[in-house]
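Hi everyone, thanks for coming.

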Amino acid sequence: MIIKKCIECGSGDLKIVRKDVELKRFNPGRVTIQDTEQIECQNCGESYFDDKQMTSLTRNIDKKLKISHA
């Protein structure tokens, strides 16, 4: 885990969790990616993504929106 301390509250109580991520986009609106691995502050609930998690999230968003990177 690259982040050691929450940027929002300063807590060091960070854990890797799996939960749904909801994004708001202009088009098509809300997009929910289910069961996504992320780093979460156990104090304030802020979420963070490392490079691997962000790559996975981006792929899942593209699949949901049917975007191809050919």
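**Salt bridges, strands and a helix**

Let's start with a charged pair: R30 forms a salt bridge with E22, and their closest N and O atoms are 3.7 Å apart. By salt bridge I mean a side-chain nitrogen of Lys or Arg within 4 Å of a carboxyl oxygen of Asp or Glu. Before going on, a word on where this comes from: it's a predicted model, where local features need pLDDT of at least 70, side-chain atom pairs count only at pLDDT 80 or more, and totals for chains, interfaces and linings use all residues. Residues are numbered from 1 along each chain as its sequence is written, and side-chain values use heavy atoms, with hydrogens and water left out.

Are the two partners buried or exposed? R30 counts as exposed, at 57% relative accessibility, while E22 counts as partly exposed, at 46%. The cut-offs are under 20% relative accessible area for buried, over 50% for exposed, and partly exposed in between, using a 1.4 Å probe and protein chains only.

How many salt bridges does the structure hold? There are 4. R18 forms one with D35, where the closest N and O atoms are 3.2 Å apart. That pair links distant parts of the chain, with R18 in strand β1 and D35 in strand β2, 17 residues apart. R18 also forms a salt bridge with E37, this time with the closest N and O atoms 3.7 Å apart. R18 lies in β1 and E37 in β2, so this pair ties together parts that are 19 residues apart in sequence. Put together, R18, D35 and E37 are linked in a network of salt bridges. D35 is partly exposed, with a relative accessible area of 44%, and E37 is partly exposed too, at 30%.

Now the strands themselves. β1 covers residues 14–24 and β2 covers residues 30–41, and they pair in the antiparallel sense over 10 bridges. Strands here are DSSP runs of E, at least two residues long, and helices are runs of H or I, at least four, numbered from the N terminus. Two strands pair if DSSP finds at least two bridges between them. Along this pairing, V21 stands opposite I33 in β2. The hairpin has 5 residues between the strands, and G29 takes a positive phi near 105° there.

Take E40, which lies in strand β2. Buried or exposed? E40 counts as buried, because its relative accessibility is 15%. Leaving out residues up to four places away in sequence, E40 touches several others, including L14, K19 and S47; touching means heavy atoms within 4.5 Å.

On to the helix. α1 spans residues 51–65, and its buried residues are Q53, L57, I61 and D62. Those residues pack against β1, β2 and β3 (47–48). An α-helix has 3.6 residues a turn, so residues three or four places apart point the same way. Just after α1, K66 takes a positive phi of about 60°.

Last stop, the nonpolar cores. Which residues make up the largest one? I3, C6, L14, I39, C41 and Y48 do, 6 residues in all. Apart from that core lies another, of 5 residues, among them V21, I33, L57 and I61. A nonpolar core is a set of buried Ala, Val, Leu, Ile, Met, Phe, Trp, Tyr and Cys residues joined through side-chain atoms within 4.5 Å.
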